[in-house]
Structure formats: C-alpha cells, structure tokens
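Please look over the following structure before reading on.

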Amino acid sequence: PNDSQNPYWNSSCITTPASNIFFSEYGEGSSNNKYLEIYNATNDTVDLTNYALARVNNTPNNGAGVYEYWVDFNSGADILPNNVFVVAHPSADSSILIHADMTYGSLSNGNDGFALVYGTEPAIAEPPGNTYIALDWIGTWDGDYINNPGSSNDGWNVAGVSLATIDHTLIRKCPINQGDTSWLNAAGTDPVSSQWIVRPQNDWTNIGFHNTCICDSTTNSYTSITDTLCN
C-alpha cells in the first residue's frame, strides 16, 4: 500500500512497507521475570529479518531520541499469522520461558525505552526516519520517565498508574490493531485513554497469545463499553 494507506511507509529510503506487527504485552516482574510480546496482526507469516528491537538504557547517552543498542532478532525468526513472538530474559521463570521464541538478557527494569523498528541499522546511531522507522514503543528514548522519590527506580506512567512500567504487566487492549509511533498517546492518562491494561507484577496469564476484538463497523472505533466487554 502507498503512504496514504500505511502509517509505516517511509518513501524516502525504505522501499517496502512494514507488516503490521506491534507490542502486545510487556512484563517487568520480580527478579529476571521480564519479557516482551509482539503480535502479528496480518494473515501472513512475517519474516523478522528486517525488524529489530532498539533500546536506550536508562538516560540516553547518544542524545534524546537516539537509540543506544540495536538488537536483531535471531536468524530465521518469524511470526505466524495472528500469532505472537515472545522475547524473554534467559533467567526468567519456566512459565515464561516455555513461551519464549528468543531470549535476551538486557530487558527493561522499567526505565529502558524500547522500540520495535523496521529497516536497516545505520552506521552511526540516529533517530528514526532515514534508514529505519519505529513501529511501536514501550517507553521512549528521551529519558523522560518519572522519578520514584526515595528509590533508585524510574519508570513511565501508563493508564493513570504511577510507574506502571515497573513491577507490572502491560497488556494491549484488544481493539488496538496496530502500533503507535507516540508512546505518550499509547500510554494515555487514564484507563479509558490508554491503549494498555495494567496488571499486577508477575501476572503472566496472558503470555503466549493476544486477544483481539471486532470493532464496531459503523464507527470503526471503540468505546469504554466495548473495552469492558472484550476484556
């Protein structure tokens, strides 16, 4: 599709549009019980060769808005249609690892911004828009997390929950059908405006699958009532 039909299109350098994949779940649990889940909302298998996770560790050393670490997916990795791909910490609980498609030992403590990106890693780290684009976010690369007074922990608020990226599980609401290039928009300010449901620490009941729900065809939108029914 052309750029008017596909929000992931970048006509300047990226010659093909990205497939519709996005973060569907995030776990920041006790100890090393951490994971990211990515959902393939298409009816085709998505080859992850041209996708990656790019992250900033705590405060960005390369300047606000620029990643520090580029994390390629394993060779041959793909996501089946309407299925998920789970990246877990190698020392996570066995109930997490049984769903893992890949392990990575530097997942977030709550203040590390992750982006799901598509394209080519630049020779020198730079913001999205030239050789690669960002499809979805958990946190940002700006270091604009919220400080937790009296603690070394920092994180982002989600759905009105303070520091929700620490010691919580985040699940994407079922009507969300693509990533959001604005973390602030996705995080929202309350349970209605947020694209995420915040659950307690170590709640892994939804890992390994992602629930979707059918939008109202007359409005192509969703409401808090629909959210309640779907969830």
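A contact here means heavy atoms within 4.5 Å. By that rule, residues 24 or more positions apart account for 64% of the contacts in the protein with a separation of 6 or more. This is a predicted model, in which local features need pLDDT of at least 70 and side-chain atom pairs count only at pLDDT 80 or more, while totals for chains, interfaces and linings use all residues. Residues are numbered from 1 along each chain as its sequence is written, and side-chain values use heavy atoms, with hydrogens and water left out.

**Overall make-up**

- The secondary structure comes to 3 helices and 14 strands, where helices (H or I, at least four residues) and strands (E, at least two) are DSSP runs numbered from the N terminus.
- Of the 231 residues of the protein, 47% count as buried; buried means under 20% relative accessible area, exposed means over 50%, and partly exposed lies in between, with a 1.4 Å probe and protein chains only.
- The protein exposes about 10,500 Å², of which carbon and sulfur atoms supply 47%; these areas come from the Shrake-Rupley method with a 1.4 Å probe, and for residues only the protein chains shown count as cover.

**Aromatic pairs**

- A search of the whole structure finds 8 aromatic pairs, a pair being two rings of Phe, Tyr or Trp (its six-membered ring) with centres within 6.5 Å, and planes under 30 degrees apart counting as stacked, over 60 as edge-to-face and the rest as tilted.
- Phe22 and Tyr39 form an edge-to-face pair, at 5.7 Å centre to centre and with 70° between the planes.
- This pair links distant parts of the chain, since Phe22 lies in strand 1 (residues 21-28) and Tyr39 in strand 2 (residues 34-40), 17 residues apart.
- Phe22 is buried, with a relative accessible area of 0%, and Tyr39 also counts as buried, at 5% relative accessibility.
- Trp137 and Trp141 form another edge-to-face pair, with 4.6 Å centre to centre and 75° between the planes; Trp137 is buried at 10% relative accessibility, and Trp141 is buried at 1%.
- Tyr67, Trp70, Tyr132, Trp137 and Trp141 form one aromatic cluster.

**The cavity**

- A search of the whole structure finds 1 cavity of 30 Å³ or more, where a cavity is a set of points, on a 1 Å grid over the protein atoms alone, at which a 1.4 Å probe fits but cannot get out.
- The largest cavity has a volume of about 30 Å³, a volume being the space filled by probe spheres set on the grid points, which are joined across faces, edges and corners.
- Its lining residues, those with an atom within 4 Å of a point, are Tyr26, Gly27, Lys34, Tyr35, Leu36, Leu107, Ser108 and Phe114.
- Strand 1 and strand 2 are the elements that give two or more residues to this lining, and strand 2 supplies the largest share, 3 residues.

**Two loop residues**

- Ser106 is found in the loop between strand 8 (102-103) and strand 9 (113-119), and is partly exposed, with a relative accessible area of 30%.
- Leaving aside neighbours within four places in sequence, Ser106 is in contact with Arg55 and Phe114.
- His210 lies in the loop between strand 14 (196-200) and helix 3 (224-230), and counts as buried at 10% relative accessibility.
- With neighbours within four places in sequence left aside, the contacts of His210 include Phe22 and Tyr39.

Technical notes
1 Å grid on protein atoms, 1.4 Å probe; cavity = no way out; pocket = protein on both sides within 12 Å on 5 of 7 lines; lining within 4 Å.
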